[in-house]
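Please look at the structure first.

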Amino acid sequence: MSSTMWATTSAKPTPLSAKASSRRSSLCIVRCSLRDLRDRISSVKNTQKITEAMKLVAAAKVRRAQEAVVSGRPFSEALVDVLFNINEQLDIDIDVPLTRVRPVKKVALVVVTGERGLCGAFNNNIIRKAEQRMEQLKQLGIEYTVVSVGKKGNSYFQRRPYIPVDRFLESASLPTTKDAQAIADDVFSLFVSEEVDKVELLYTKFVSLVKSDPVIHTLLPLSPKGEICDVNGVCVDAAEDELFRLTTKEGKLTVERDTVRTQTTSFSPILQFEQDPVQILDALLPLYLNSQILRALQESLASELAARMSAMSSASDNAVELKKTLSILYNRQRQAKITGEILEIVAGANALA
Amino acid sequence: MTLKLCVLTPNRIILDSEVKEIILSTNSGQIGVLPNHAPIATAVDIGLLRIRLNDQWLGVALMGGFARIGNDEIIILGNDGEISTDINPQEAQEALEIAEATLRKAKGKRQVIEANLALRRARTRVEAVNVIS
């Protein structure tokens, strides 16, 4: 019949992202049906609605994550202020358990991943960084153990029992102090009981809406001045705090990073310490540890949301393009069918006449 | 004469108001702070912070931290904190029982340390609920 004239003999089903040039040659017998094409168009339309909604939800959540970082600033400012002043007033070198530097025989890696998928290469990047670090440590002959935070990392490490994992932790949507406290407790007890000699934190740093960087920070041992140190020993002064802000520039969403230097005011000179300096520092450094871990969790969440935004945005664009392709195909099929029917009628009429 | 009190935790500001008196539990015992107190800096233990505003006592469960008192201004930096009115009494009681059970089952130095910390925190929260007077 004339309706089969436009069907080719190729029987391979095409992938979802069929390109325009291969469309005619990759038609499958099943797809020639008008009804199937119509169903496919409506399913692509629904998928596009879902991915668009996910992108908007992720954008709203990034704003919330950013607010959480901003509301944590008074705490870190006050803490840095206090640490700075205490270090000025205590000239002697004090020995606090959290700052003891030991020869490194075992390292704890805290790996922060996301809770859900559909965020592009986010989880993969951080896990790959973790694997690289484990390889490095193995070559140096140093043992390691992993504290995995986040469902995606948990499922990855659970499927690989040859990697020693200390604990699996999960957090709810927005990281709270309780989550940071749980990680801090674990890490604290590992370090103080001398099971590990160094604790490193692997998380994704939020650079911009399209770029995020997995980084490794040394969490313990802490330096008494409250500096944040990289694995290579590069130290960042804690008084310089980096903030990211989601704003619009020329109508497009962008991220701006501000570096704010906190004003350190000096204490009154007659300030008395109620306990001896060791105890005071003993109370201050865990506060610092907690706030560092919370910051890492918040940044990791922000990077995950940004990655999801961009992944869902490109998924939406692809869906729109696919729908256009399918609609053109559908219309061509429809017109061919109508033409065929007209031809039949005309031929029939000619035969009778 | 009032004191300006600021209780901060890593993710939010718990309290920022003018109070008449506070009672703080530190590692070396409880200290009461009235206006015109001498400037001191102290470590805060896991315990209850009692605040008096206009003859009414309010409790805040603090999970350890640091306090700086001076010039009628108190800044408390805590690991975590909850105002007693925000704590659900039943949930706090259940958390306490779970913490006690975990401590009984704990083996090894690490687990005992962690279980002890969790127990102290749960106990503080239960105390905070009972302070409303």
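N71(B) counts as exposed, because its relative accessibility of 74% is over the 50% cut-off. The model is predicted. N71(B) sits in the loop between β6 (56–70) and β7 (73–78) of chain B. Its phi is near 55°, a positive value in a residue other than glycine.

Chain A has a case of this kind too. Phi of L118(A) is near 60°, again positive and again not in a glycine. The residue lies in the loop between β1 (106–112) and α3 of chain A. L118(A) has 55% relative accessibility, so it counts as exposed.

| Residue | Phi | Relative accessibility |
|---|---|---|
| N71(B) | near 55° | 74% |
| L118(A) | near 60° | 55% |

Next, a peptide bond. L220(A) to P221(A) is cis, with omega near -5°. P221(A) belongs to the loop between β5 (212–220) and β6 (228–230) of chain A.

Now the helix pair. In chain A, α3 (residues 122–139) packs against α4 (residues 151–158) at an angle of about 45°. Their axes are 10 Å apart. The angle makes α3(A) oblique to α4(A). The crossing of the two helices is right-handed. On the α3(A) side, the contact uses N123(A), I127(A), E131(A) and M134(A). On the α4(A) side, it uses K152(A), G153(A), Y156(A) and F157(A). By class, the contact residues of α3(A) and α4(A) comprise 4 nonpolar, 2 polar and 2 charged.

Terms used. Residues numbered from 1 in each chain as written. Chains lettered and ligands numbered in written order. Predicted model: local features only at pLDDT ≥ 70, side-chain atom pairs only at ≥ 80, totals over all residues. Heavy atoms only, no water. Axes fitted to C-alpha atoms, helices over the stretch in contact; angles between N-to-C directions. Helix = DSSP H or I, 4+ residues; strand = E, 2+ residues; numbered from the N terminus. Parallel < 35°, antiparallel > 145°, perpendicular 65-115°, else oblique. Left-handed = near helix turned anticlockwise from the far one by under 90°. Contact = heavy atoms within 4.5 Å. Nonpolar A, V, L, I, M, F, W, Y, C, P; charged D, E, K, R; others polar. Buried < 20%, exposed > 50% of the residue type's maximum accessible area, 1.4 Å probe, protein only.
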